[in-house]
Amino acid sequence: MTTIAFIDDETYILNAINRLLRAKDWKILTYSSPEQAIAELRFKTDVNVIVSDYRMLGMNGVEVLSELKEICPNAIRILLSGQADLNSVLQAINQAEIYRFITKPWIDEDFVFTLCTAIDFQKLTQENMKLSQIVRNQKATIDNHLRELNRLERESPGLTKVSWNEDGCIDISNKNESEFDDV
């Protein structure tokens, strides 16, 4: 199940998000303080997307998302704000590696679409990581097999040199023909 965490110190925003997303088959986590979010998300490894407000008491959204990047490195991070300047957005991109920036007030369809694309991107990224690991494992296996073939060839030259005929069988017709003539 897709899990999305929302961090905003304004509870009416969190309530609006819950209402907006209640029809979705997503697990919605809401946190009204950055410290609470960091403390609780430390123990959740299955968070797909984290959305944080920029202006909050205690920590700003860039600081929260930067810290959560270390805790939940595979989660997509989105910054939400009604009052961010260009420097704040650049800081969010560079430090917290945010996926998108959503302005308040948002358009519901755009907000949901952004979440859907973030979820798809996160799933694609995870699948890519899994496939990359499979390829690395297969390459290691192939390298081991090649080392073993090279070892066998050094010990018994010609052992790994096999001739195949057109139907996929080993072709031994040219080897030791004189032995077969005597039979």
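This is a predicted model: local features need pLDDT of at least 70, side-chain atom pairs count only at pLDDT 80 or more; totals for chains, interfaces and linings use all residues.

Colleague: Which residues touch the most other members in the largest nonpolar core?

Modeller: Ala5, Ile7, Tyr31, Leu41, Ile50, Leu68 and Leu79, out of 22 residues. A nonpolar core here is a set of buried Ala, Val, Leu, Ile, Met, Phe, Trp, Tyr and Cys residues joined through side-chain atoms within 4.5 Å. Buried is under 20% relative accessible area, exposed over 50%, partly exposed in between, with a 1.4 Å probe and protein chains only.

Colleague: Which elements give two or more residues to this core?

Modeller: β1 (2–7), β2 (26–31), α2 (34–41), α3 (61–71) and α4 (86–96). α3 gives the most, with four residues. Helices (H or I, at least four residues) and strands (E, at least two) are DSSP runs, numbered from the N terminus.

Colleague: What covers the buried residues of α3?

Modeller: The cover includes β1, α2, β3 (49–53), β4 (76–81) and α4. The buried residues of α3 are Gly61, Val62, Val64, Leu65, Ser66, Leu68 and Lys69. At the helix start, a side-chain oxygen of Asn60 comes to within 2.9 Å of the backbone nitrogen of Val62.

Colleague: Switching topic: how many aromatic pairs are there?

Modeller: Three in the whole structure. One of them is Phe6 with Phe111, stacked at 6.2 Å centre to centre with 25° between the planes. Rings of Phe, Tyr and Trp (its six-membered ring) pair if their centres lie within 6.5 Å; planes under 30 degrees apart are stacked, over 60 edge-to-face and the rest tilted.

Colleague: And what does the Phe6 and Phe111 pair tie together?

Modeller: Phe6 is in strand β1 and Phe111 in helix α5 (residues 108–155), so the pair ties together parts 105 residues apart in sequence. Both Phe6 and Phe111 are buried. Phe6, Trp106 and Phe111 form one aromatic cluster.

Colleague: Last one: is Asp167 buried or exposed?

Modeller: Exposed, with a relative accessible area of 59%. Asp167 sits in the loop between α5 and α6 (177–181).

Notes:
Residues are numbered from 1 along each chain as its sequence is written. Side-chain values use heavy atoms; hydrogens and water are left out. Contact means heavy atoms within 4.5 Å. A polar contact is a pair of N or O atoms within 3.5 Å; within protein, one must be able to donate a hydrogen and the other to accept it, and residues adjacent in sequence count only if both atoms are side-chain atoms.
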